[in-house]
Amino acid sequence: MPRFSVIVPAYEVQPYLNDCLRSVLEQDFTDLELIAVDDHSPDACGAIIDEAAACDPRVRPVHLPENAGLGRARNAGIRRATGDYLLFLDGDDTLAPGSLRAIADRLARTGEPQLLVFDYARVDWTGEAVRNVRAELLRQGDPEDPEDPHARQVFRLDQRPELLRLLMVAWNKAYRRDFVRKEGFAFPPGFYEDTPWTFPVLLTAESIAVLDRVCVHYRQRRRGGILRTTSRRHLDVFEQYDRVFRFLDARPGLAHWRPALFQRMVDHFGVIAAAPGRLPVRARAEFFRRAGAHHRRYRPLGAAIPPGRARWRGLLLRLGARRAYHLLRGADRLRRRTAECGLTAFTTARRAALWLHYRVQRCRPVDPGLAVFAAYWHRGYACHPAAIEAKVRELAPGLRTAWITTPEYAHTLPPGVRRLHPGSAAYWTALARARFLVNNVNFTQGMRKRPGQIHLQTHHGTPLKHMGLDLRDRPAAARGMDFGKLLERVDRWDFSLSANRHTTLVWERVYPSGYTTLPYGAPRNDVFQHATEDEVARLRARLGIPAGTVAVLYAPTHRDYQRRYVPRLDLERVARALGPGFTLLVRTHYFHAPATSAASPTGRALDVSGHGRVPDVSAHGRVPDVSAHGQVPDVPAHGRVPDVSAHGRVLDVSGHGQVPDVSGHGRVPDVSGHGQVPDVPAHGQVPDVPAHGQVPDVPAHGQVPDVPAHGRVLDVSAHGRVEELCLAADALLTDYSSLMFDYANLDRPIVIHADDWDAYRAARGAYFDITAAPPGPVSRTEDELIALFAGGAWCGPRSAALRAAFRARFCPYDDGRAAERVVRRVFLGERHALLPPVVPLAERRPAPAAVRTLPNVPAGTGGTGGTGGPGGAGGAAGPAVPAGPDRPAEPRAARRAGVVCASPAASPAAAPVNAPVTAPVNAPVTAPAKAPVSAPATSLPHRSRPH
C-alpha cells in the first residue's frame, strides 16, 4: 500500500497536464500512486494520461464516460485510492520539488494526524510566484517554548481557529484516507465544490498539523480558468453553503462554529459580487436577492457586526441592495483616486522645494570637517565604506561622519554616527557641503560635485564578470544602461580603491577618467586578520551551527540570462548526502532575498523548496538615477524634477564594481493587511481575504523550519554581516560570486560549482576562466559536488595548492591594514611612501577556522589523493603544500582549536577510505552537540554584502 494517493482530475488542461504529472512523478519521495482522472475531456488530456501510465507503473489512469465535473472526478479518484493519505492536485497546478518528502516527514513527526495543512504559491502566466497572503497562519511553533502560542504540533480546529481564514481549497491538505472513509466525505457537484468539503473536514478532524512550506504551485491562467468564466453557474455558491449549514445542523456539537462560517459566507459573497465579469448581467440582480436571503436565513443571533465599510457591505448584501452596493464601491474608488492625486501634488511640490534648497546649500562653503558615507543604495552600514568610516573615527576623531540610510537600517549604525535620510533636506545639505564623499556605488545623478569636495569610490568586489563599458556588447546584462551618464558619474571620482592588480587594470579601462587608483586592498576584509578564535566560536553559536560540524557557506550569484531566480542546487539532497557532520549556511544573492528591517542574529532553518516570491530583476543592469527605497528622490541639476518611476525597483550597479551576491537583508516583509486583492480561489472556494482591492503578501523566500533530519541547512540570507558568515564558515561553496576573492583571505577551502559557466559567461562576459584558474576544486554537476565533499578533495592538497595560487594573484594587499592606508592617504593627506607597508602573504595569520581540516594520510604513505585537476574529484597523490588554517602544520594548532585535524565523512555508514574525519577532542564523530547558548558576541567593525 503506497504512502500517498495523489488524485489529479483533468479537463481541458492539455497545455499544463504534462507539467502537473511530472511534478508528482519526479518527486524524490517515490512511495506514491498517481490517480489521473480524465473527466471526459475533449482535448488530449486522456492521451497524455495514458502515455504517462505507459511510462510509469505508479500512474493509474481513470477515464470517465461523461463529463462529471471537478468534484465527481475527484470522488472517482478517492474510490480507487489505496494510499495512507490522499492529496488532490488540479491538472493545471504542480507540486513543488521535495514537497512529498517534506509532507511525509512532517506526518511522521506529528504522529500521523488526520489532516495536514500546507502552503501554496500563486504562479501567474508570466511565471512569477507569490506565496499565499496568509502564510503566517501556518507557522510551526517551538514545542519546547511554553510561551509560543503555536507550540502545540497537533491540535483541533478549536485550538487554532485562524485556519478558517485560509483559502478554502482541497489541494492544500493531506487527508488520512481512513478518516475520509469513516466520515463519508465526498465532493458535491457544481462550482465552488471545495466549500462543502473543506469546512466539514476542518471542523471534524480530531488531529490537525501544519507544514509551513510551499508545496503547491497554484497556476493563475491568463484565460480559461473557471473563475474567469462568465456563467450563471457561479450561483451554485448558494447551494454549496446550504450544504455547509445542513452539515452543522446535523452535528449539534459544532453549532458554536456557526458565526465564523456565516462571516466566511458573507465575505465570499462579497468577493463574487466584486469580481468583474464573473456574473452575467442578467444574473446580478438574482445574485443579490439570493445573497440577502442567505444572509437573513443563516445569520446567528447576536452575530458580531464587522467594523468600517465591511459593515455597510454586509448590510447591503443582507438587503439585496445591488445598486447601493456598487455605488458604495464606486465611492471607495473615487476616494482612493483623490488621495493618489493629492499625494502626487504634494510630492511634486516637495521635490521642487528640495531642489531649491540644494541650490542654496551649494552656495555655502564646503565643510572641511564633514565626511558623508553610503553603501549599496542606502542599505545600511556596510562594506568598504563602513570599514573606512570606523577607521576615520579612530584616526581622525576631529572629523564628523554621517551615513546615508533609511530607518529600516538605522540599527546597523554604530553610536555617534549621524544618520541622513535619503532625499531629506539634511541629506541634500550634506551632499552640497561635505568635504569627503565615500560610496561603494555611485551617488545620485542629481548630485554635482563641487570644487574642494573629495569623492572616494570604493567599489564592492573584485570583478570576475564584465563591468562598466565592457557591457556595451552584453545586452542581457546592460539592459538599457546609459553609458554616457555612467561616465558622467565616473568623472566625479577623485580616488578609486583597488584590491589587486587585476582589479586596477579592469577599473581603469572600463571606468576611464582622471581619478587616482589606490591599490591598498579591501577594507572590509581587515577583520579577517584580526578576529580571534573566541570570536569565531561565538559567531557560530549565535548562528546555531552545531558544535564540531563543518560549516559550508553557500553563496550563489545572480544570472543575467534569467529574469527570475532558479535554484542551482537541490539543497535538501546535498544536505542529506553530506550527512550530519556538515551544516550548510545558505546566503542567497540580495536580488532574490529582499531586505527586511533588521538583520537576523541567528541562522534560520531553511525551506529549501526554493519558493516564495521570485523577484523580477528585469531592471538589473541599469544605472540607478534616483535614490532608493521610497524617499523623495534626488533632485537633478539644471532644475529638472527627477523621475520617480523607479520607485520600489531593484536597482543595479552595473557601472559600480561587482554586483553583490549576498544580501544583508532578510526576507520580503509580510505586508498583509495593507490593502490587498483577495485570493481568487480555485473553482470558487472561500477567499483568503474578505476585503476588496488588495495585493497579496510576499513572504520569506523559503520559510520552512522543517529541516531534513539527515542534514542541516540554515538560511543566513537575513544576517546583516557577511564577514561574520565568512568567519563562521569552514569552507565556501559558490559559483561565480566575487565573495570568493574575499574569502580567499581566510585561507580556508573554496569549492566552485560551475554548472552553467558557459551560459553565464556568454550572457555576462568574464575577465578570465574561473574553471581554469579556480581557488579550489570545481564541480559541474550536483553529483560531482557531492563526490568532492565525500572524497575529501574539497580540502585536500590539490585544493590547497589551487587556493595558494589564487591568493597570490588576488590577495596581495589584504593584510588587515587596508582601511588605515585609505584613511591616512585620503583623509589625513599623508604621502604614499609614509603609509603602512603591506604584510607579505606568508607572514599573515588570518582568523582560524573552527573546524580545521586535513586529509587522512594512510599509514606508510606520504600524502593523500587530491583532485585530478581544477574540476576533478580524485587523483594521484598531491604535492606537498604549505600549512594553512585547513592544513595545520603541527599538532599544537589542532589542540589549540580543540579538534582533530580532519573533516566529516559524507555518510557515517559509508566513509571513503581516504575521507577526512572531524571530531572534537574526546568526543564521538557522530551526533554533533547542540551549539551552546552564549552571550551575544561583540560586534565586529562593520558589515558588508559582497557580490
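Hi everyone. A residue is called buried when its relative accessible area is under 20%, exposed when that area is over 50%, and partly exposed in between. Arg761 has a relative accessible area of 30%, so Arg761 is partly exposed. What we're looking at is a predicted model.

Let me stay with Arg761 for a moment. Arg761 makes a salt bridge with Asp758, and the closest N and O atoms are 3.6 Å apart. Both residues sit in helix α22, and because they are 3 residues apart there, about one helical turn separates them. Asp758 has 53% relative accessibility, so Asp758 counts as exposed.

How many salt bridges does a search of the whole structure find? The search gives 44. Here are a few others. Asp90 pairs with Arg74, with 3.0 Å between the closest N and O atoms. Asp90 is in the loop between β4 and β5, while Arg74 is in helix α3, 16 residues apart. Are Asp90 and Arg74 buried or exposed? Both are buried.

Then there is Arg542 with Glu724, at 3.9 Å from N to O. Arg542 belongs to helix α18 and Glu724 to helix α20, so this pair ties together parts that are 182 residues apart in sequence. Glu724 counts as buried, because its relative accessibility is 1%. We also have a network of salt bridges linking Arg559, Arg568, Asp735, Asp755 and Asp756.

Now for the sheets. Please find the open sheet of 7 strands, which are ordered β12-β11-β10-β13-β14-β15-β16 and pair in parallel. Its edge strands, each pairing on one side only, are β12 and β16. From one strand to the next, the twist averages 25°. Helix α12, residues 383-395, packs on this sheet and touches β10, β11, β13 and β14, with its direction at about 160° to that of β11. Helix α13 lies across β10, β11, β12 and β13, and runs at about 105° to β13. Within the sheet, β13 and β14 pair over 4 bridges in the parallel sense, and Asn439 stands opposite Gln457 in β14.

Helix α12 also holds Lys391. Leaving aside neighbours within four places in sequence, Lys391 is in contact with Ala396, Ala819, Glu820 and Val823.

Next, strand β18, where 5 of its 5 residues are buried. In a regular strand, side chains alternate between the two faces of the sheet. Here Phe582, Leu584 and Val586 point one way, and Thr583 and Leu585 the other way. Strand β17 runs parallel to β18 and is joined to it by 5 bridges, with Val552 opposite Leu584. Strand β20 is also parallel to β18, through 4 bridges, and there Thr583 stands opposite Arg712.

On to the inside. The largest nonpolar core has 101 residues, and Phe4, Ile103, Trp197 and Phe287 touch the most other members. Apart from it lies another core, of 57 residues, including Met467 and Leu732.

Finally, confidence. The mean pLDDT of the chain is 77, and 73% of its residues reach 70 or more. Over residues 607-711 the pLDDT is below 50, and that stretch has 425 contacts in the model beyond near neighbours in sequence.

Technical notes. Residues numbered from 1 in each chain as written. Predicted model: local features only at pLDDT ≥ 70, side-chain atom pairs only at ≥ 80, totals over all residues. Heavy atoms only, no water. Core = buried A, V, L, I, M, F, W, Y, C linked by side-chain atoms within 4.5 Å. Buried < 20%, exposed > 50% of the residue type's maximum accessible area, 1.4 Å probe, protein only. Pairing = 2+ DSSP bridges. Helix = DSSP H or I, 4+ residues; strand = E, 2+ residues; numbered from the N terminus. Axes fitted to C-alpha atoms, helices over the stretch in contact; angles between N-to-C directions. Contact = heavy atoms within 4.5 Å. pLDDT = per-residue confidence, 0-100. Salt bridge = Lys/Arg side-chain N within 4 Å of Asp/Glu carboxyl O.
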